[in-house]
Amino acid sequence: MPRAFLLALVLLAAVSRVPAGAQASLASLAARVAQAPDGVVRMQYDSRPDACGDGRDMVGFRRALFGRSFESYGGWSNVRCVAGPLRVQLTIADRRPVSVRTQIGGAWPAATGRVTDLGTVESREAAAYFFSLVPQLEGGGRKGRILLPAVLAADASALPELLALVRDSARTDDTRRQALHWVGQLGDASVVPALVGFARQGSSGSGGVPDNDQGDGAIDTRGRRGLASAALAALSMLDDGAGVPALIDLARTGDVTVRHSAVFWLGQSGDARARRTLHTVIEDARENERVRGNAIFALAHGEGAAPGEFAYLRGVFPRLESERLKEAVLQGMAEDDGDGGRWLLDRARDASESTKVRRTALFWAGQRQATPTRDLVAAYRGLDDASLREHAIFVLSQRDDDVAVNALLQIAREDTDRRMRGKALFWLAQRKDDRATKLISDLLVK
């Protein structure tokens, strides 16, 4: 079949998937790219007002951040991100686009081979063209970035195309999940019914949480359950809390897999209604324990967790009936900048708690940077359980300050329990510290 005829078919297929008003301009841009030789094709166009970048690989938009090898959805800061035009570079091989690179502002990156510069193009035209390229580009690496040149174009109406991608079972799971995330970034209350539908389609029907539960909203990254989690995330991202009522309903009425993910995303929403719902889930003894544990995790690690929420978790702790739930609270206290450290050490000393709970409290007290090392040393000296004292030595070994090293040296030299002396020496030997090296040398000489 002649190459010209094949090219005509490709352009016709691309044009048929976009609104009639955009078809002429899309055909024009597609034809210009198709005429370019192998190498690189560059174009520039206006970006959405909230889009920004570092002029190289990092691109940000509202709660989404994309780097060279990562993507993040949620709050982010301390990143240089300035507004500017979209600069999109297509790599052409065998006269077909095979990869895309998107940046905002900055200078064009170095390129090998021939460079065809199309100059400034119309943003809506570019968005339609890049949506039409998704089937060609998906699965080609640079996770999450193939939609950027389409969704970040100024004045583009992206929601219909994004929802069409989600519904297209011929698309990869990653493409469909990315499209759902962007629906959350760009959508409003009008997309809530569609997102709820995608979330409920992810019902496992098994009544149980998958074994690869990660303790957050990403219960499963494959198939329908992966789409369900992405739909729940999108509900949490909608402006003005438009998706929160639907998330609350799913947290109450979805199957256990959906509820598990829904409570996580309620915590990420930063909404007062969401936090009240998490309280209800945590205290509901009839609820699945893993769902309750994830609600605790979500409350402590959620967007803008307030001191009052940590006080609530400390208050509910004595009423929790299982070690799993208590351990979830203990982990959450590591995020508390207030009284979390003191409270954790009190739990470590509490002989009425199980050894497992006390060990967990001691561990998270140590992981919490605001806990003074001297308090950990005092906890070691006040513990009468050998396994807890041994664990306290490990916790001290994770600290890098002189107070921890001096405490370990003293234990290694003077502790009356030979086992504790041996544990302290073991952890000191892992350090590159002259004092520890000298102590070990002195002991070997003796």
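Modeller: Three bridges join β2 to β3 (residues 59-61). Strands here are DSSP E runs of at least two residues, helices H or I runs of at least four, numbered from the N terminus. This is a predicted model: local features need pLDDT of at least 70, side-chain atom pairs count only at pLDDT 80 or more, and totals for chains, interfaces and linings use all residues. Residues are numbered from 1 along each chain as its sequence is written, and side-chain values use heavy atoms, leaving out hydrogens and water.

Biologist: What makes β2 and β3 a pair?

Modeller: Pairing needs at least two bridges found by DSSP. β2 and β3 have three, so they pair, and they run antiparallel. The bridge partner of A51 in β3 is F61.

Biologist: Why are β2 and β5 called edge strands?

Modeller: The open sheet has the order β2-β3-β4-β5. β2 (51-53) and β5 (71-73) each pair on one side only.

Biologist: How do you know the span of α18 is close to the expected one?

Modeller: The expected span is 1.5 Å times one less than the number of residues. Helix α18 (residues 386-397) has 12 residues, and 16 Å is expected. From first C-alpha to last, α18 reaches 17 Å, which is close.

Biologist: What makes L388 of α18 buried?

Modeller: Buried means under 20% relative accessible area, with a 1.4 Å probe and protein chains only. L388 is therefore under 20%, and other buried residues of α18 include H391 and V395.

Terms used: Buried means under 20% relative accessible area, exposed over 50%, partly exposed in between (1.4 Å probe, protein chains only).
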